[in-house]
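Hi,

Here is the structure I promised to pass on. Have a look first, and my notes on the charged pairs and the surface follow below.

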Amino acid sequence: MLWPSGLRGQEIAASADTAPAIEVRAAPDEEIRKRISGIFSQIEGLRGVGVAVDSGVVTLSGVVPGARASRDALAIAGRTEGVVHVQDRLEEEVNLKARVRPATRKFQELGGSVLRILPVALLSLAVAGFFWFLGRWAGERGLWLRRFGLTELGASLGRRIIRAVVTAVGLVIALEILDATAVVGALLGVAGVAGIALGFAFRNIVENYLAGVLLSARNPFRIGDQVQIGDFNGKVVRLTSRDTVLMTLDGNHLRIPNSVIITSAMMNFSRNPLRRFEFNVGVSVDLDLVTARDLGMATLRSMKGVLADPGPQGLVAELGDSAVQLTFLGWIDQRETDFPKARSEAIRRVKTAFDKAGIEMPEPIYRVHLRKTAKSMATGAPTPESASVTHEADVATDRTIDDQVADELRSSGEENLLDKGPA
């Protein structure tokens, strides 16, 4: 298109006068450089890093304190918007002083923090120490627990619990002063897990200790009592927190765990001072049983150590083929008479009295009947004549043990969870 020469120059001039001004903006590379340099200026150890940007490619140069600072610089530059690639021209500081400077600075900051928190820490420590001494003082002066009827072992356990509770309260208060409530929760969680683990690990020890507390509270035996626990028989020597020591009848020390005692049937021969012995004597079937029985009872009455109330007894126990079994019973006071010796002497005296009276104690006799014919086998045996009863024995209920049990219930102040039954 051809323009008139005069008009074309004028139109161009007019266009230049009326065209809007063009705003010159900074290059994107410069914005990236300023952004990265501004970030590095706020980070210790990266303030001296040089940043160059060309077409989105960032080149980092300079000296950094260590490998960690180098990785941080590369990561920051790589995350900046508009960066295409990052070239690493960084060098790690090899100067010892420069390497130590960050650690020194951290220690200085830590020291400053310790100095700031030191008064609060000392106050927390003082509170914890005060409660520790308070718990120890309360534990040593727990004699008032005995006023509640607790035994020595139970009172000792109570003192330990009081000391532990008071100390724990002081520890919680100290942690609250330090504003370490999270530590309190963590400690409670660790204590719960540790309690479960220790419970499984020391289950037998805990069972024996608690059984010892129960035994000391119930007092089922005293020192010197003769007891039978399962197959074990002996006299009590001592009760500890873990086991019970018995002196067996042959002079050996026997230790039984308290958990076994608390769950086993136990017979105490010494709790009731009265004890009954018995023995059997076989006499001839042709003998007058009343005469033999009365002679044995009279022999026991005359024996030293056998009580007159309750007195000796004689019973017809069993009718055998060649002998009749008589049972003699006698009571002794274990506080004055030895049980095995008394029984042995009673047997000896009855044997001597029967020998003097001519009372036969026969050996087993076997009778053999020979029959020749079937007719004789069918013949009935003659009916024996009925024996005349010249003495009527006392068959009334023996209330001796019942009377002693009733007397024990009246005289003992020990708690009884069982019904006493009718009076």
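**Salt bridges and a nonpolar patch**

Arginine 255 counts as exposed, at 51% relative accessibility (exposed is over 50% relative accessible area, buried under 20%, partly exposed in between, with a 1.4 Å probe and protein chains only). Before I go on, the ground rules: this is a predicted model, where local features need pLDDT of at least 70 and side-chain atom pairs count only at pLDDT 80 or more, while totals for chains, interfaces and linings use all residues. Residues are numbered from 1 along each chain as its sequence is written, and side-chain values use heavy atoms, with hydrogens and water left out.

Back to arginine 255: its salt-bridge partner is aspartate 243, with 3.0 Å between the closest N and O atoms. The pair ties together parts that are twelve residues apart in sequence, because arginine 255 sits in strand β7 (residues 253-257) and aspartate 243 in strand β6 (residues 243-248). For the terms, a salt bridge here is a side-chain nitrogen of Lys or Arg within 4 Å of a carboxyl oxygen of Asp or Glu; helices (H or I, at least four residues) and strands (E, at least two) are DSSP runs numbered from the N terminus.

Searching the whole structure gives eight salt bridges. Another of them joins arginine 293 to aspartate 294, closest N and O atoms 3.8 Å apart. Here the arginine 293 side is buried at 13%, and aspartate 294 is partly exposed at 35%.

Then there is arginine 348 with glutamate 345, at 2.6 Å between the closest N and O atoms. These two are three residues apart in helix α10 (residues 339-357), so about one helical turn separates them. Shared partners link Glu345, Arg348 and Arg349 into one salt-bridge network. Both arginine 348, at 45%, and glutamate 345, at 25%, are partly exposed.

Ile117, Val120, Leu123, Ile161, Val165, Val169, Ile173, Ile177 and Leu178 make a nonpolar patch of about 670 Å². Patches take residues with over 30% relative accessible area and no salt bridge, joining like charges within 9 Å and nonpolar side chains (Val, Leu, Ile, Met, Phe, Trp, Tyr) within 5 Å; areas are Shrake-Rupley with a 1.4 Å probe, and for residues only the protein chains shown count as cover. Helices α4 (96-140) and α5 (152-177) supply at least two patch residues each, with the largest share, five, coming from α5. Isoleucine 117 belongs to α4 and is partly exposed at 43%.

Cheers
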